[in-house]
Amino acid sequence: MVERFVRVRYRAIVVLLTCALGLLYVGYQSVQGERGLLGWVERSAEVEKTRAEVAVLADERAKLERRVSQLRTDNLDLDLLDQEARRLLNLGRPDEEVLFHDAPAQSRPGEGE
């Protein structure tokens, strides 16, 4: 009789421990797992970052498309064509001064030394 009581208690304890461990595992995975709460937060931040990049690239693309449209034969902007040719070929007339805006300013000899 005592043996039966111990067996029943033992089985109940094993079942309870198994259920508790299963719940613990599911709880842990729902927070820390690859598809859990923390993973969702990280993916949301990554999505927002990517959307910001896409917006910047869309603006850049729109600017480039406007410049390309000015270089088409049906709507040719001769000033822009001249400017691009000079920039790409690195040419200029002797009476011109060229100012570069993208390059960092270099100090002239004798200045700031």
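Is Arg-87 buried or exposed? In this predicted model, Arg-87 is exposed, with a relative accessible area of 55%.

**View 1. Salt bridges join Arg-67, Glu-84 and Arg-87 into one network through shared partners.** Arg-87 pairs with Glu-84, their closest N and O atoms 3.0 Å apart. Both lie in helix α3, 3 residues apart, about one turn of the helix. Glu-84 also forms a salt bridge with Arg-67, with closest N and O atoms at 2.3 Å. Glu-84 belongs to helix α3 and Arg-67 to helix α2, so this pair ties together parts 17 residues apart in sequence. Glu-84 counts as buried, at 15% relative accessibility. Arg-67 is partly exposed at 34%.

**View 2. Arg-86 and Asp-82 form a salt bridge within helix α3.** The closest N and O atoms are 2.9 Å apart. Asp-82 is partly exposed, with a relative accessible area of 38%. The structure holds 6 salt bridges.

**View 3. Helix α3 covers residues 78-89.** At 1.5 Å a residue, its 12 residues should span 16 Å; the end C-alpha atoms are 16 Å apart, which agrees. Just after α3, Asn-90 takes a positive phi of about 60 degrees.

**View 4. Val-31, Leu-37, Leu-38, Trp-40 and Val-41 make a nonpolar surface patch of about 460 Å².** Helix α2 (residues 37-70) gives the most, with 4 residues. Leu-38 lies in this helix and is partly exposed, at 39% relative accessibility.

**View 5. Leu-17 sits in helix α1 (residues 2-32).** Leu-17 counts as exposed at 51% relative accessibility. Leu-17 and Val-54 are 37 residues apart in sequence and 50 Å apart in space, C-alpha to C-alpha.

How values were computed: Residues are numbered from 1 along each chain as its sequence is written. This is a predicted model: local features need pLDDT of at least 70, side-chain atom pairs count only at pLDDT 80 or more; totals for chains, interfaces and linings use all residues. Side-chain values use heavy atoms; hydrogens and water are left out. Helices (H or I, at least four residues) and strands (E, at least two) are DSSP runs, numbered from the N terminus. The expected span of a helix is 1.5 Å times one less than its number of residues. Buried means under 20% relative accessible area, exposed over 50%, partly exposed in between (1.4 Å probe, protein chains only). Patches are made of residues with over 30% relative accessible area and no salt bridge: like charges are joined within 9 Å, nonpolar side chains (Val, Leu, Ile, Met, Phe, Trp, Tyr) within 5 Å. Accessible areas come from the Shrake-Rupley method with a 1.4 Å probe; for residues, only the protein chains shown count as cover. A salt bridge is a side-chain nitrogen of Lys or Arg within 4 Å of a carboxyl oxygen of Asp or Glu.
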